[in-house]
Amino acid sequence: MTLNRKTLVEITHKHFAWTSEKNNQTVPISGKVTDDTNQPLPGVSVTIKGTKIGAQTGLDGRYSLNAPNANVTLVFSSIGFSSQEVLSNGLIIVNVQMKAKANSLNEVVVVGYGTQKRALVTGAVASANIDAFRDVPNTNIAQSLQGTVPGLNVGPVTFAGSTPSISIRGLNTISGNRSVLIILDGIQYNNSLSSINPDDIASIDVLKDASSTAVYGAQAANGVILITSRKGRDNSKPRINFSTSYATSTPSGNIRPMNRQEYLDHVRNLYYTSAYLAPDYTTPNPAFNLASKIDASEKDASGNILPNNFNWYDAATKTGYVNDNQLSISGGGNKVNYLISGGLTNQAGFIINDLFKRKNIRINVETKPADWLTVGVQSFGSFVNNDGAEPNLSLILNQAPLLTPYNANGDLVPYPFNTLDPNPFATYDVSDYERHNYLFANIYTEINFPFLKGLKYRMNFGNNARTDEHYQASKYGAGLTGNAYKYNEQYYDYTIDNILTYNRTFKKHGVTATLLYGAVKRKDESTNASATGFPRLTLGYNSLQQGTNQFTNSNAYSEALNYQMLRLNYNYSGKYLLTATARRDGFSGFAANNKYAVFPSVSTGWILTEEPFFKMSWVNFLKLRAGYGVSGNQTSRYSSLDQVFTQPAYVFGNGGTTQQGQFVSTLSNPNLKWEKTYEVDLGLDFTLLKGRLSGSFDYYNRHTKDLLFSVQIPNITGFGSINTNVGEVGNKGVELSLNSTNIDTKEFKWSSTFSFSRNVNKIISLLGTGDLIASNLFIGHPINTIYDYKTNGIYQIGEQNIPAGYSPGTYRIVDTNGDGKITVADRVIQGSGDPAFRFSVLNNFQYKNFTFSFFVNSIQGGVNGYLGGNAQSLALNDNSVRWNYISSVNFWSPINPNGEYPMFMVGPTVNPNVYRNRSFVRLQDVTLSYKITGNFVRKLAIQNLSVFLSGKNLKTWTNWEGWDPEIDNGGLTIGGRPLLKSYSLGLNVTF
């Protein structure tokens with residue numbers, strides 16, 4: 001066999017490697033190009049980088065060309081898809097799967113129990129741009145969603161590895177479930193998002209309106225997030241990807257406690273009537289003895305103030321870090337595709353012992369034993385280590401700098417103040433073991449019936465399991481007698497979905513019908529054993545029997561759901577669209593009279609640019625959408641039943657021991673039913689200027705009725721409350737998303753993404769008796785209404801007509817009703833804790849091998865929105881003299897009359913909270929990456945080699961004072977935690 005002076009060096013499963021002895025000999029290269037759904041992609045331009053040699057794919061997606069040598073870079077490009085560069089590396093068959101650009105009309109989005117081309121979607125469905133945040137040090141996938149999708153509201157993270165708060169389109173309920181429904185690879189996921197490796201995620205789609213969420217019925221009123229994991233590609237060689245990064249983390253603000261001098265000045269100011277001379281109390285009193293006012297624990301045996309200037313906060317904190325390492329192998333042939341990945345994430349927060357370690361492995365395998373049969377598994381295991389307990393941060397900030405946590409012998413001082421205030425390091429100096437293990441597997445089969453074209457059946461069998469172990473022993477617990485405990489919990493759920501889909505096109509009629517029958521079963525059990533009073537804790541929590549007092553308790557529950565769903569998607573001539581859905585849900589937690597409920601929806605779309613009369617050349621795509629639907633919110637388990645509680649109840653005989661008794665605290669309600677959210681959504685999707693500008697706009701109006709609410713009833717009934725359905729809550733708002741290609745040249749590209757959302761929340765009705773002031777609920781106002789006294793500055797020394805019950809240094813409260821008295825009737829609605837609007841901007845720049853992006857996120861409160869309580873006050877008493885405070889709190893005193901926060905000798909009759917605007921603009925994420933190229937990269941057969949630098953939470957512009965405006969309890973309070981600023985360096989390499 002003669003190979004014409006070419007040497008065959010490798011034969012591997014339809015791939016051939018050749019070496020050429022002469023530079024002028026060409027090498028034939030061919031292959032197939034497919035889209036995200038593995039369908040042939042015609043019209044793709046295939047060129048050899050640096051040359052004019054090229055070809056175009058045919059209807060079958062295939063191409064062929066002659067390369068000048070065996071190692072060339074092929075560039076694949078097509079409208080609506082991201083360009084790809086692939087090194088041939090001696091291969092003469094190169095297959096490529098193209099990825100649709102974000103918001104492209106060709107993009108396939110997950111819509112629940114199936115996929116659909118974006119151009120044909122009639123509901124409010126958005127895709128998150130998670131690729132823009134791949135190189136950011138986010139250990140939780142939810143962090144990559146913060147501010148990226150209008151209407152999706154994701155909060156900040158202040159604990160290592162924790163999951164932020166997530167909501168979609170405002171608050172729909174008062175006391176019902178507020179959690180967004182998470183669907184992972186088609187299966188409801190009830191475990192923590194911290195268990196999911198962000199590197200394993202291929203896409204995230206968000207269902208926002210009731211017409212799109214209705215397919216999930218009873219649990220979808222708060223919106224749905226669909227997470228899809230990565231998988232291997234058919235007919236592709238093994239692809240190995242490795243990435244590693246290291247980030248450092250420090251607080252984004254400058255909160256710190258007072259140092260020695262500030263602390264002593266603070267004590268002096270508290271005693272201003274004796275520390276300074278009357279009448280204005282601004283001249284120091286030379287006879288004032290500061291040491292006499294200091295707590296005894298802060299003085300030596302001679303009564304002198306201790307010389308210490310110990311920084312408790314510094315001792316309890318350090319520079320945090322995130323070390324992330326990921327390795328994956330993927331590929332496939334004609335019958336099998338696979339992805340195997342593993343990761344190791346190690347994070348330490350700013351507070352010592354705020355630790356998160358995650359080891360994870362994923363195996364996604366799909367095989368086609370026959371052309372009509374597909375069998376696969378999507379599985380992962382995640383093993384989280386949270387060993388270690390933090391010191392108590394609130395107590396850390398309260399500790400006086402005159403004291404130290406350890407004595408001269410190095411032993412911890414249990415009570416530095418010689419009071420009931422414990423040493424904050426007592427919670428740190430413990431034996432703590434905390435592990436969380438997660439296992440997930442969706443085993444599926446898909447049958448494309450050969451006897452009826454377009455008919456497909458899919459069965460999902462999803463499994464979720466979690467084990468929690470938390471063991472701790474402390475020699476400082478139980479009044480220094482020692483305490484220890486062991487807590488174990490096991491959770492498991494399974495989902496079985498039977499999905500029948502019929503998809504056909506008859507001339508101008510496109511029909512997709514989906515029929516679902518499914519069930520979910522959940523169960524959980526936990527056991528806790530504890531003991532106090534140990535003679536010694538050598539064996540810690542592994543010998544609880546040594547404790548003098550031993551306690552055990554256990555718990556368990558199970559619940560089940562059953563559901564059926566029918567969805568019809570219809571389009572005529574690719575321009576008139578209709579989606580109709582009906583879902584029926586049943587839940588064991590509801591009473592017998594209302595176990596089932598039906599959730600219907602209908603939505604339509606009209607693609608105007610497909611009409612012959614539409615002649616605007618600068619409008620490439622324009623679609624109008626309108627939808628109406630009903631989704632539900634289920635009650636918590638057992639809430640419709642009589643609930644029994646146990647408490648000390650009986651004493652037999654004089655001096656007898658107290659016996660436990662059971663009592664029924666909640667009256668059952670056999671008519672308790674589902675909350676239902678009714679929503680209208682009007683939308684507009686568009687692409688303008690030959691694809692340079694695209695986006696969507698939505699207006700929605702939703703009403704949630706039959707709110708789940710615990711109503712207090714007279715004790716004479718023998719019960720305290722009854723769970724029932726009352727009232728109505730409304731949400732309406734607008735959302736705008738814009739994507740623009742600003743500059744697109746061969747060497748320089750600049751694209752931008754802008755998002756905007758506004759939501760207005762309002763209580764429409766309650767019990768029928770008006771406002772519930774005690775519950776802070778007001779008809780016609782938001783759920784998070786701020787109702788309190790208004791203030792107008794602080795009373796000053798020498799001020800006349802200070803009312804009884806108040807003094808210099810207290811807030812001047814506004815008599816809003818003008819009756820000359822300050823009473824509860826003077827409280828008024830001041831605004832809301834909800835934002836007025838949110839916006840974000842992502843800019844991405846590419847210049848040759850450099851890529852630079854920055855993301856700005858903002859929440860604005862407007863005139864009286866996004867308010868937060870942020871008032872500190874001090875009254876002269878033992879604790880205020882003893883405790884330390886945040887140094888930046890600008891307390892009033894006679895020598896500081898413009899101080900913002902009150903300080904007084906005697907507590908006033910009313911000392912209200914003060915609410916301030918939390919609006920901010922944040923430079924949230926910045927990334928710079930460089931793709932390394934050259935001969936050595938080609939020789940090592942490296943497809944991609946890049947290094948990157950990134951930063952997170954680098955700068956926040958705000959008038960808010962405190963830890964951070966976005967953090968709950970983020971004001972000038974000792975109960976807050978810092979938002980962390982991070983810098984990261986990393987490497988990505990793909991073979």
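**A predicted chain: surface patch, cavities and salt bridges**

Biologist: Which residues form a nonpolar patch on the surface, and with about how much accessible area together?

Modeller: The residues are I240, F242, L327, I329, I340, I361, I363, F383, L439 and F991. Patch members have over 30% relative accessible area and no salt bridge; like charges are joined within 9 Å, and nonpolar side chains (Val, Leu, Ile, Met, Phe, Trp, Tyr) within 5 Å. Accessible areas come from the Shrake-Rupley method with a 1.4 Å probe, and for residues only the protein chains shown count as cover. Together the patch has an accessible area of about 790 Å².

Biologist: Which strands each supply at least two residues of the nonpolar patch?

Modeller: Strands (E, at least two residues) and helices (H or I, at least four) are DSSP runs, numbered from the N terminus. I361, one of the patch residues, lies in strand 24. The strands asked for are strand 19 (236-251), strand 22 (320-332) and strand 24 (355-370).

Biologist: Is I361 buried, partly exposed or exposed?

Modeller: Buried means under 20% relative accessible area, exposed over 50%, and partly exposed in between (1.4 Å probe, protein chains only). I361 has 41% relative accessibility, so I361 counts as partly exposed.

Biologist: Where is R169, and is R169 buried or exposed?

Modeller: R169 sits in the loop between strand 14 (166-168) and strand 15 (181-184). Its C-alpha is 8.9 Å from that of S757, although the two residues are 588 apart in sequence. Because its relative accessibility is 1%, R169 counts as buried.

Biologist: With which residue does R169 meet in a salt bridge at 2.8 Å, N to O?

Modeller: A salt bridge is a side-chain nitrogen of Lys or Arg within 4 Å of a carboxyl oxygen of Asp or Glu. The partner of R169 here lies in strand 38 (residues 721-744), so the pair ties together parts that are 566 residues apart in sequence. Both residues are buried. The partner is E735.

Biologist: How many salt bridges are there, and which residues share partners in one network?

Modeller: The count comes to 37 salt bridges. One of them joins R922 and E966 (2.8 Å, N to O), which links distant parts of the chain: R922 in strand 50 (residues 920-931) and E966 in the loop between strand 51 and strand 52, 44 residues apart. The network joined by shared partners is R169, K208, K623, R625, E679, D681, D685, D698, R702 and E735.

Biologist: What is the volume of the largest cavity?

Modeller: A cavity is a set of points, on a 1 Å grid over the protein atoms alone, where a 1.4 Å probe fits but cannot get out; lining residues have an atom within 4 Å of a point. The structure holds six cavities of 30 Å³ or more, and 18 residues line the largest, with Q143, V157, K952, N953 and L980 nearest its centre. Strand 51 (944-958) and strand 52 (980-990) are the elements that give two or more residues to this lining. With grid points joined across faces, edges and corners, and volume taken as the space filled by probe spheres set on the points, the largest cavity comes to about 230 Å³.

Note on methods:
Residues numbered from 1 in each chain as written. Predicted model: local features only at pLDDT ≥ 70, side-chain atom pairs only at ≥ 80, totals over all residues. Heavy atoms only, no water. 1 Å grid on protein atoms, 1.4 Å probe; cavity = no way out; pocket = protein on both sides within 12 Å on 5 of 7 lines; lining within 4 Å.
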